[in-house]
Amino acid sequence: MNLISKLFSKINIPQNIRFRPKNLLWVSLIIFGLTLTQIYTYLPTATAQQPSSFSPREFRGVWVASVANIDWPSQRGLSVAQQKSELLNILNRMQELNLNALVLQVRPNGDALYDSPIEPWSGWMTGKQGTPPQPYYDPLEFAIAESHKRNIELHAWFNPYRAQLSPNDGSFAGNHMAVKYPQYAYRYGNNIWMDPGAKVIQDQTFNTIMDVVRRYDVDAIHFDDYFYPYPQRGQEFPDYQTYNAYKASGGTLSLSNWRRQNVNNMVQRLYQGIHAEKPYVKFGISPFGIYRPGNPPGIVGLDQYESLYADVKLWMEQGWVDYLAPQLYWRIDPPQQSYPVLLNWWLQQNPQRRHIYAGNYLSQLQGAGWSVSEFERQVAISRQRASQLSLGNIFFSMKMFRDNVAGVNNVFKSSVYPTPALPPAMPWLDNQPPAPPTGVQVNSDVISWNVDNTGDVRSWALYQQNGNQWSLVQVLNSATNAVRVTPGIYALRAVDRLANESSEQVVTVQ
């Protein structure tokens, strides 16, 4: 759009006015009546090339596990002040490392790290299942607000069917699903697992997740690799009564196919339900990193299709996820489970062109002998395949960054994520950019602009010109309307909650 067009776009011209000769004087007066500030705002700097090549997008996530107090809170029964302090330290560390997505476990085993009308407060948080924090606060609400202040997405991570990790976890609260539906709660190994084939259990999971989608400003709903439990040697999962009832009602599927159908139905139901409620909330799954042994040739390992009953390939073919984060928890070089070989295979199973964010086992830095350079190489491999929609990574777990294990933070800050990045946009959910910033002006070394009143802006992206390239230098939250900078040529864009960017306003700071 040229300068005159931009100027006219800001003018409310009556519809009955036509650009005929007798109206030229009227039009000229409008143009010259604009303030110098308005003209300066829309006038590109004479020496600046208009931004065309901006910084690449990248999803940079980290899992924060609450189960067994792996990441947060660090132990049961901490005071509210300690819980908040720990979470703020996590978010500040993420911001320092230019990570942009927190995958927070909010339902580790049929409990809630938020104020749920359906399920009990998590014992991992308060020390006793069913006991709310004292003094009261809502941890998920707090986490969302503090994440968004820092331009970090919050993905709410749910375990759909696990009811208890260990007999040492303490007693169930009265409204826990294992108490409400004991006929579908099975002791399996050390776990108690709910039956994914029972409709009341399916509904419990669906309703719990949809309640969070409705009431909280989450950016995504996230599952990991737990559907049916990992197999226990010499022990069959005891869902024969549910399966026999299915067959008695006329069902003809084999046990394995019936179990897969139960999982498929839940994935499809959630994908459709989430987007019917809030079209902008993403749904992502992080499955076990091997689909089936021999896929691709030479790969060996657990058969999740036959053991976890997760037909991930089908979900990708049907487009039932917005992103897939296969847990590629192996090194690059060993051929039986190779990070790049498996990543390449998953990238080829993506006819609906969803995003692939590889899951990386960062905890192998501690006690397993892995080096930080292994993860540098893995991120580099993921980036090399960006054209195939390999668009980021998620790291397990935050504890490695929290404690700077093996100096990982120093390496990530200097060479892996030295600058910020916006997450990739998802055009199948929303491809409409927000309106551009208005009132952009320079006063000395401060760029300022008007506060957003539309509610459509999640953040502001500030770019700086370096030669013929533009680099993202800051992502500012929506409440910000001024920033102090060094001399240079800058471009400001509005960014909505799905990371669509507006056109830019370019200014020069002398």
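Where does serine 397 lie? In this predicted model, serine 397 sits in the loop between E11 and helix H15 (398-402). Proline 296 is in the loop between strand E8 (282-285) and helix H11 (304-307).

Stepping back to the whole protein, 16 helices and 18 strands turn up. Of its 510 residues, 55% count as buried. Take the contacts between residues at least 6 apart in sequence: 72% of them join residues at least 24 apart.

Helix H14 (residues 372-384) makes a handy worked example. At 1.5 Å a residue, its 13 residues should span 18 Å, and the end C-alpha atoms are 19 Å apart, so the two values agree. Buried residues in H14 include Val372, Phe375, Val379 and Ile381, along with Glu374, Gln378 and Ser382. Among the elements covering the buried residues of H14 are helix H13 (339-347), strand E10 (355-360), strand E11 (390-395) and helix H16 (408-416).

Two loop residues have a positive phi without being glycine. For asparagine 98, phi is near 60°, and the residue is found in the loop between helix H4 (80-96) and strand E2 (101-107). Its relative accessible area is 16%, which is under 20%, so asparagine 98 is buried. Alanine 406 has a phi of about 55° and lies in the loop between H15 and H16. With 54% relative accessibility, which is over 50%, alanine 406 counts as exposed.

How values were computed
Residues numbered from 1 in each chain as written. Predicted model: local features only at pLDDT ≥ 70, side-chain atom pairs only at ≥ 80, totals over all residues. Heavy atoms only, no water. Helix = DSSP H or I, 4+ residues; strand = E, 2+ residues; numbered from the N terminus. Buried < 20%, exposed > 50% of the residue type's maximum accessible area, 1.4 Å probe, protein only. Contact = heavy atoms within 4.5 Å. Expected span 1.5 Å × (residues − 1).
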